[in-house]
Amino acid sequence: MSSDGVDLSAFGSMQFQDELAIKEGCYFDEMAADFVCDFFEHYLIQTMGKDSGKPFELLPWQRDEVLRPLFGWKKSDGTNRFSKGFIWTPKKQGKSTLSSGICLFYLLTAPERTEIYGVATTREQSSIIYREAEAFVKKNQTIAERVRVLNSKKRLLYVAKNSFYQALAGENVSRGVEGINPNLILIDEIHAMRSRVLFEALAYASAARSNSLLLSVSTVGVADKSLIWWEQYEYSRRLLEGSITDPYTFAYLRQADPECLDDFELCGQEEQWRKAMPSLGHTVPVDTIRQHYIEAKNSPAKQNAFRRYLLNLPTSQIERVVPMSHWYGCQLDTPDLTGRECYGGLDMASHEDLCAFVLYFPPCEDDDRAFVLSQFFCPKDKIAERKNKGMAFYSQWVDEGWINLAGSARIAAEPICETIREASEVYQIVEIGFDIWGSDAVVNPLMEEGLPFVAVAQSMRGMTAGTRALLDDIEEKRIFNDGNPVLAWCLANCAADQKVDGVIRFSKNKSTDKIDGAIALAMARGRALANVSRINTEPEIFF
């Protein structure tokens, strides 16, 4: 149970690491813990909003779960226990205010020639903590008499001790940090760092001075295992779980339950908001979050942003457009589709990875449910390559029959041709939409055999009708599937190009991984829609 009354047992705690620290001679200094909290509440004055001008009042999580443990724990020699720290909360929780207060605390209480650096990837971001610290200085005469403000350089000077706080911006600053000797490095929004070079340079710089601290305060980012933020996030999570041992790194993580990633209805529960947002009702009103939820529920493109920014859950991409909980909720055993009318979609865009052939069965007189069947193909070498990179799911899908091997280094056309031929013998395929790029080896021989292929432009205009109809079908739970995990993965990966007038298509450039199955399904849905439109607009014939 957290100090603000929320059950955080699902997230773990620092208790396991605390017990290890005690065994190594560490102890908790109540006076040191009280000292940092007293500094905040007696010397810092609120600078914004309705409480501007009032003494800074720490929220329970800031006091009991961050400041007191971070600065109260000591090593046996009396120096601070923690040399690194990671604080993960959603946006609008007062992270910048807390960070600027920590910077001032260090500046005014640390030894002579203290160096403090506030680091962010952009000038605008690095200015946020600096501006808040500057405002704190100007609000309190006692601090203002001691600290000199140099706005042009984004620097605060404590002249009497020859100490300073400096804002740094941009990943190129990694070239200039090798000579610094910091007491505190505070990284703001580490999720925005695209390279590990700056982080590693800062980590080694802070390690050079005893009793120094590297502290990261951030919202989670878009899930990308290659980025430094993900590595530190996973480290924090495992630290709190107790699955790794490191009593000298501090971690604080607040986020909603992971089930919210696949169920947006769950995202609307206030219980989930309170799990993620420790300052809910203080820095951000509950009604504001409720309004954001309503807007996101009505616009699937906003749902991943809601999950990441307000529930602090890493998402596969910023603008997730497919409501996956609805897709998963429409799985059922494959009905007898023999002889039933259907429309196909073929995406051969990649000859060295995944290719997809998808069939869309519209509702018919005997069954008012639409249904989807899909087949995927991949060259053998790509399966091995993915497995070597830690993505064993490709290999698993081959073993389970969801992916068909086709070729070695590159896709072989014949297994795909044979699959389409067999489908045309079992089902009544009206049309097969295809992307002309790289499809000749499959499409040309089958067209000569009489199969009904139709080229589909991959432009916004060419893909909007099918994509929009598909998204509407999924949202309204009127399209059913056999649970193919490869197709579900492709749909979950989807980001989109879209305009305010409703024009939309799935975007391979914006999506985080393969979406071939989603594009093939959108083409199939588009061909079905085109044929319905054609039938409905044909002139009536009188005899």
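Colleague: Which residue in β9 stands opposite I185?

Modeller: The model is predicted, so local features need pLDDT of at least 70 and side-chain atom pairs count only at pLDDT 80 or more, while totals for chains, interfaces and linings use all residues. Residues are numbered from 1 along each chain as its sequence is written, and side-chain values use heavy atoms, with hydrogens and water left out. Strand β8 (residues 184–188) pairs with β9 (residues 213–218), where pairing requires at least two DSSP bridges between the strands. I185 faces its counterpart in β9, L214.

Colleague: How many bridges join β8 and β9, and in which sense do they pair?

Modeller: Strands are DSSP runs (E, at least two residues), as are helices (H or I, at least four), and both are numbered from the N terminus. Strands of a sheet pair through backbone hydrogen bonds, either parallel or antiparallel. D188 has V217 as its bridge partner in β9. The two strands share 5 bridges, and the sense is parallel.

Colleague: Which residue in β9 stands opposite F86?

Modeller: Strand β3 (residues 84–88) is joined to β9 by 5 bridges, and the two run parallel. F86 stands opposite a serine of β9, S216.

Colleague: Where do β3, β8 and β9 come in the strand order of the open sheet?

Modeller: The sheet has 8 strands, and its pairing is mixed. Reading the order across gives β5-β6-β7-β4-β8-β9-β3-β10.

Colleague: Which strands stand at the edges of that sheet?

Modeller: An edge strand here has a single partner strand, so one side of it is left without a neighbour in the sheet. From one strand to the next, the twist averages 15°. The edge strands are β5 (147–150) and β10 (249–253).

Colleague: What angle does helix α5 make with β7?

Modeller: Helix α5 (residues 123–139) packs on the sheet, where it touches β4 (115–120), β5, β6 (155–158), β7 (163–169) and β8. Contact means heavy atoms within 4.5 Å. Axes are lines fitted to C-alpha atoms, for helices over the stretch in contact, and angles run from 0 to 180 degrees between N-to-C directions. Between α5 and β7 the value is about 150°.

Colleague: How many residues of β9 are buried?

Modeller: Buried means under 20% relative accessible area, exposed over 50%, and partly exposed in between (1.4 Å probe, protein chains only). In a regular strand the side chains alternate between the two faces of the sheet. Both faces of β9 are covered, with L213, L215 and V217 on one side and L214, S216 and S218 on the other. The strand is largely enclosed by the rest of the structure, because the buried count is 6 of the 6.

Colleague: What is the phi of E189?

Modeller: E189 sits in the loop between β8 and α7 (196–207). The residue has a relative accessible area of 8%, so it counts as buried. Most residues other than glycine have a negative phi, and most peptide bonds are trans. E189 has a positive value, near 60°.

Colleague: Is K477 buried, partly exposed or exposed, and which is its relative accessibility?

Modeller: K477 lies in the loop between α18 (460–475) and β17 (479–481). Its phi is also positive in a residue other than glycine, near 55°. K477 counts as partly exposed, at 44%.

Colleague: Which residues does I416 touch, leaving out those up to four places away in sequence?

Modeller: I416 belongs to helix α16 (residues 413–426). Its relative accessibility is 0%, so I416 is buried. The residues touched are L346, M348, F377, I411 and V442.

Colleague: What distance separates the C-alpha atoms of R340 and P362?

Modeller: R340 is in the loop between α13 (324–328) and β11 (341–347). With 10% relative accessibility, R340 counts as buried. Beyond four places in sequence, its contacts include F361, P362, Y427 and Q428. R340 and P362 are 22 residues apart along the chain, and their C-alpha atoms are separated by 9.1 Å.

Colleague: What share of the residues of the protein chain counts as buried?

Modeller: The chain comes to 20 helices and 19 strands. Its C-alpha trace spans about 100 × 50 × 45 Å along the principal axes. Among contacts between residues at least 6 apart in sequence, 72% join residues at least 24 apart. Of the 543 residues, the buried share is 54%.
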